[in-house]
Every structure is written in structure tokens, then in C-alpha cells.
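Here is a friendly walk through one protein model, told as questions and answers. Have the viewer open and follow along.

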Amino acid sequence: MARDMKQYAQQLLRYPEMGISLDFSKLPLTEDFLTEMKPLIDRAYSDIAALESGVIANPDENRMVGHYWLRNSAIAPTAELRAKIDEPLADLKAFAADVLGGKIVAPNGKKFSTCLVIGIGGSALGPELVADALPAEGLQMAFLDNTDPDGMYKVLDTLPLSETLAVVISKSGGTPETRNGMVCAQAYFADKGLSFAKQAVAVTGVDSTLDKVAVSEGWIKRFPMEDWVGGRTSETSVVGLVPAALQGVDVDALLKGAADMDAHTRVADTAVNASMKLALAWYAAGEGKGKKDMVVLPYKDSLVLFSKYLQQLIMESLGKELDLDGKTVNQGIAVYGNKGSTDQHAYVQQLRDGLNNFFVTFIEVRQSPTDTVKVEDAFTAGDYLQGFLRGTRKALSESGRQSITISIPTVNAYTVGMLIALFERAVSFYASLIHINAYHQPGVQAGKLAANVFLKLLASAEAALSEAPATAAQVAEAVGADVEDTYHALVHIAESGKAAWTLGECPCADTFAKA
């Protein structure tokens, strides 16, 4: 027992002034491991220093990577870049104050009560995390974050539409999911006799397609996105801060939490660098090849979306086929999770007794001001939550399962900011350790291109249909496409009510005709 306590103390890193601690005792970073990793560690410190200085850190797209400047513009390499951070920040805070204070009102003269965010991926996951984690002291938050029409109208039907401020977020303005959500929202507003433009704000690149639409239609406001901030690292940019400010979040506190974590993890001393130690723990667990999945278990309902947020941040950043030298490496870390203690009734059984192909990241929130009711004897619900966290951690360790425990005092704007920065910088360090580009997403682009090909097939397959029934193979031959792809296109066309579908003995024998 004394040995366990000694290892805990040796493997614990605390930032008392920030209230955060990281416990690596169940995934210890040994002296031998740290010595072996020193050349890669030194390279990682050098790489992130160069990134923050403004070098081209995303070579595939020939871009700087500047999300760390967002919470401390003084470190941005030029006065022009500093202005592009400071001016939009001041502008968005003033705009939010005018909306919440009633200086900017809805067309009916009433104060806005709801904010509808329309985005996808990094343009939605960060704002959704903050909206779910922190109370709405300003506008109530709603999201269109997919191109599923049923999901969109489920949200739109619940809105107090005449007092809803729409915030459309897209760097290019051409992202299909965001564009589709915007078009559906515009039609919905119009059906209710309202002008979407008079209740709309654009967060987009200067002179983008969306920017031009906002100008031509006279939207209320536009905020500029920069090409040196990627979607998955954009929560401390206008992407995350515009919705957060409208929600009533203290954005200065969120930025300070991120800036304080940046400052602590900018120090090239691994003993006191939480993000580097986190990256090294990922490396140790998966042998630098992502051999183990990351299970994220926050023991707090307000952080239930954190694992979803980390999925994009980590998997889109680290899941790469090639390294920076063009060598095939197929890197990545799979991330999944929900919340404790809910998952103790779901997949913890497998975590303890099944495949040992993961490590857990527990997130403990130490304080709960509402935890006053005794649910059994002298124990509160919060006592049970702590018991389940500690019991699960111990049970997993006894079965040889590794874990990291991150503890914060409470969930507020400051602590959310520092958690975001902690993991952003861990991703940067890990990417350098394994020598990959964390800031592009060629796999995502490949999926978009394939989707566009399928959309063209939908149009050509529908045009090829006649009143005479035809199989997918016959239609595919007519349009010069893959048979299976054509079959799926025809099924979609039929289920949309635009074709007649007759089942055969197998899909090969199914026939389709113009409806």
C-alpha cells in the first residue's frame, strides 16, 4: 500500500493555482521510458515552438497553425495577426452585449431568446460542448449539425422562431452539411413568414461564398474566420466564442483558462508539462502506434460531450496514412466514451474482463454545490459518484488495465478552457512524437469527393429511368457507373418517391422504373 502511494505521489502532476491535477500512476511514465524518448521529446518541444513562431506547420496546405495565438495575441508573430485576433474578439463581445442587452432586437421588436447554430464538425462540436457544459445565462442554444432533414426539422419545430438568432458557421461557405442546414432553415423561416436574413449572423472566411451571401442579403453581422485556424481547434476563435458569448458565457474566463494551460505547457520541462506527459502516456499505452483505444470517462453529466469533442480533435488530427516524410504509417488513436457512472452499466464489464486494447482517461470534478441530499445513511449521490470513479479505477488497475485521471475543481468557463488547451497541446506534442501532420484532413476530403460523385450518380440514374423496369446493372451500363453504387442510388431515388421499386429474388433482380 505504501508503495502504491509512493507511485501515486511520484506520478502526480498538479497546477495548484489552476486547480487541475493529472494522475499517471496507473499508466506510469518510467525514467527508462523518458530517457529513451528524450530525442523525440526534444523534437516535439522544438516543433511546437516553431509552430507558435509562425512557421508553416501544415505543409500540405501551406498554412501556419495559429490557434494558440487566439488566447494570447501577444505571442502572434506579427502586428497584423494580433489585430486579426483582438479586433474580432472585441467586436463579438460588443455584439453579444448588444444582443443580450436588447440594443439589437428581433424584427418583431422583442429581445432574441434563442441562438440557432448551424455548422458541422469543428464548427459545431466545440460550441455544443460549451453549450452543454455551461449554463445559458444569455440565449438558449440549439444546433443544426447534420444534413439529416428529420433531425433539422425536429430542432426547428421547437424554436421560438421570431426571436431566434441564427449563427451560420462555415469557413468556405461551401460545406454541404452547413449549406443544407442553412437552406432548410431559410425555407422554414420563409414558410413562417419571417426573413432569415434579418435574424442571421455569418461566421466565415472573408469573401467566401457565405460571406458574399450575407453581404448581398443584408444579414445582421459577419465575423471573419482565418485560414490558420482549423475547425477542430477553433473553440477559442470566433467559431466558438460568438456562440459562447451569445449564450452568456464569460469568454474572457474561457480564454484565460486556455492561456494559463498554454503557458504551463509551453515550458520545455517534461516533469511539469501536463500536455507533454499526456502525449507520452498515449505513446506508452499504444507503443507509439495507436495500438490501444482511448476511453474517455468524465464523471460529470455536464461533460458528457467531451468524448465526442475529443473524437474529432484527436482522431482527425492523428489518424493519418502518411508521416511527414511520405512514409506509410497508418497512425491514429481511436477515441470513444460517454460518462461515469453510466458506462459502468454499459461497457465497463468488457473493459475489466475483455480485450485489453484500451486505456481510460477518467475526468473527476471534485466539487458539487448541489450535493446535499443524503440518499443512504450518511452518503450523498456525489459520494456514490466518487465511489464509482475510484472503484472502477481500482478494479481496472487490478485487471492490468491502464488509466489516467484528470481532476478539476468544477466545470466553468475557465476549467473548460484549460481542458481544451490541455488536449490541443497534447495532440500537437503527440503528432510531433510520431512525426505526422496533425493539421490537415485528407481522409475527410476524400469522403467529400466520393459523396459528390454519388450525388452526380443520383442525378444521372434518375434521368436514365423510364417506364420500362430496369435492373441496377442495366441502369449502371447506361450511365457508365459501378453497379453496386447505382443500386444504392436507385434505392434512394425510390424511397424518396421518385421511382417504382420492385423486389426480385435478390438485389441483382430488383427493378426500377420512373414513378
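Q: In which sense do strand β8 and β9 pair?
A: In this predicted model, strand β8 covers residues 293–298 and is joined to β9 over three bridges. Within the pair, Val-296 stands opposite Gly-337 in β9. The sense of the β8 and β9 pairing is parallel.

Q: Which strands stand at the edges of the open sheet, each with a single partner strand?
A: The sheet has six strands in the order β1-β2-β13-β10-β8-β9, with mixed pairing. A strand with a single partner has one side left without a neighbour in the sheet, so the edges go to β1 (12–15) and β9 (335–337).

Q: What angle does the direction of α14 make with that of β13?
A: Helix α14 packs on the sheet, where it touches β2 (20–23), β10 (358–365) and β13 (402–408). Between the direction of α14 and that of β13, the angle is about 145°.

Q: Is Met-418 buried or exposed?
A: Met-418 is found in helix α14. Leaving aside neighbours within four places in sequence, Met-418 is in contact with Met-18, Ile-20, Gly-257, Ala-258, Met-261 and Ile-408. Buried means under 20% relative accessible area. Met-418 has 0% relative accessibility, so it counts as buried.

Q: How far apart are the C-alpha atoms of Met-418 and Thr-270?
A: Along the chain, Met-418 and Thr-270 are 148 residues apart.

Q: How are α16 and α17 oriented to each other?
A: Helix α16 (residues 472–479) and helix α17 (residues 483–495) pack with their axes 8 Å apart and at an angle of about 110°. Angles of 65 to 115 degrees count as roughly perpendicular. The two helices, α16 and α17, are therefore roughly perpendicular.

Q: How many nonpolar residues does the contact of α16 with α17 have?
A: Here Ala-472, Ala-473, Val-475 and Ala-476 in α16 meet Val-483, Thr-486, Tyr-487 and Leu-490 in α17. By class, the contact of α16 with α17 has no charged residues and one polar residue, and the number of nonpolar residues is seven.

Note on methods:
Residues numbered from 1 in each chain as written. Predicted model: local features only at pLDDT ≥ 70, side-chain atom pairs only at ≥ 80, totals over all residues. Heavy atoms only, no water. Axes fitted to C-alpha atoms, helices over the stretch in contact; angles between N-to-C directions. Helix = DSSP H or I, 4+ residues; strand = E, 2+ residues; numbered from the N terminus. Parallel < 35°, antiparallel > 145°, perpendicular 65-115°, else oblique. Contact = heavy atoms within 4.5 Å. Nonpolar A, V, L, I, M, F, W, Y, C, P; charged D, E, K, R; others polar. Pairing = 2+ DSSP bridges. Buried < 20%, exposed > 50% of the residue type's maximum accessible area, 1.4 Å probe, protein only.
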